[in-house]
Amino acid sequence: MKVTVSRKAHFNAAHRLYRKDWTEDKNNDVFGKCNNPSFHGHNYELIAHVTGNIDPETGYVIDMKILKDIIKEEVEDAFDHKNLNVDVPEFKNLNPTAENIVVVVYNKIKAKLDPKFELQVTLYETPRNYVTYPSK
């Protein structure tokens, strides 16, 4: 029996959406207020969905403490109260859009999970704007 278990987490981070190889006018046209040179922040919420078979001995798909610790180490400690453009190596040359952030988060969590598990991550940039990777 495959079951999906989910864990919510959050982090607060600043970012600026822009491309170094574009002019300021083009960045403003494409990214608008999100191109603020002084950056802007979000209270990100994420949900990690892990799918797998129920272990007949434990009754778990995954021990939620393991998932909690992975998310804390790989996401919360790495991103919380950081400037994504400046403080997070994955975004040194990658525009920290919600789409790119969710893929980075997915890859960081997936690398720490047993390969037998499927993973899907949903990232809320605002209560109304969110992205999911991989899409199904």
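Two strands are said to pair if DSSP finds at least two bridges between them, where strands (E, at least two residues) and helices (H or I, at least four residues) are DSSP runs, numbered from the N terminus. The legends below describe a predicted model, in which local features need pLDDT of at least 70 and side-chain atom pairs count only at pLDDT 80 or more, while totals for chains, interfaces and linings use all residues. Residues are numbered from 1 along each chain as its sequence is written, and side-chain values use heavy atoms, with hydrogens and water left out.

**View 1. Strand 1 and strand 2, with phenylalanine 11 and tyrosine 44.** Strand 1 (residues 2–15) pairs with strand 2 (residues 40–53) in the antiparallel sense, over 14 bridges. Phenylalanine 11 has tyrosine 44 as its bridge partner in strand 2. Strand 2 is mostly covered, since ten of its 14 residues are buried, a word that stands for under 20% relative accessible area, whereas exposed stands for over 50% and partly exposed for the range in between (1.4 Å probe, protein chains only).

View 2. The protein chain has four helices and five strands, which follow the pattern β-α-β-α-β-α-α-β-β when read along the sequence. The five strands form an open sheet in the order 3-1-2-4-5, with mixed pairing. At the edges are strand 3 (82–83) and strand 5 (130–133), each of which pairs on one side only. Strand 1 and strand 3 run parallel and are joined by two bridges, and in strand 3 the bridge partner of alanine 14 is asparagine 83. Strand 2 and strand 4 run antiparallel and are joined by seven bridges, with valine 50 standing opposite leucine 119 in strand 4.

**View 3. The hairpin of strand 4 and strand 5, with threonine 122.** Strand 4 and strand 5 form a hairpin with five residues between them, and four bridges join these two antiparallel strands. Threonine 122 lies in strand 4 (residues 118–124), and its bridge partner in strand 5 is threonine 132. The side chains of threonine 122 and threonine 132 are also joined by a polar contact of 3.1 Å, that is, a pair of N or O atoms within 3.5 Å, of which, within protein, one must be able to donate a hydrogen and the other to accept it, and for which residues adjacent in sequence count only if both atoms are side-chain atoms. Threonine 122 counts as buried because its relative accessibility is 8%. When its neighbours within four places in sequence are left aside, threonine 122 is in contact (heavy atoms within 4.5 Å) with residues including Glu45, Ile47, His49 and Tyr130.

**View 4. Helix 2 against helix 4.** Two packed helices are described by the angle between their axes and the distance between the axes. Here the axes of helix 2 (residues 64–79) and helix 4 (residues 98–112) come within 9 Å and cross at roughly 145 degrees; axes are lines fitted to C-alpha atoms, for helices over the stretch in contact, and angles run from 0 to 180 degrees between N-to-C directions. On the side of helix 2, the residues that meet helix 4 include Ile70, Ile71, Val75 and Phe79, and their counterparts in helix 4 include Ile101, Val104, Val105 and Ile109.

**View 5. Lysine 108 in helix 4.** Lysine 108 has its place in helix 4, and this residue counts as buried because its relative accessible area is 15%. Apart from neighbours within four places in sequence, lysine 108 is in contact with Glu74, Ala78, Phe79 and Glu90.

**View 6. Valine 61 in the loop between strand 2 and helix 2.** Valine 61 is found in the loop between strand 2 and helix 2, and valine 61 is buried, with a relative accessible area of 9%. Valine 61 and valine 3 are 58 residues apart along the chain, yet their C-alpha atoms are separated by 6.9 Å. With neighbours within four places in sequence left aside, the contacts of valine 61 include Val3, Val5, Val50 and Phe117.
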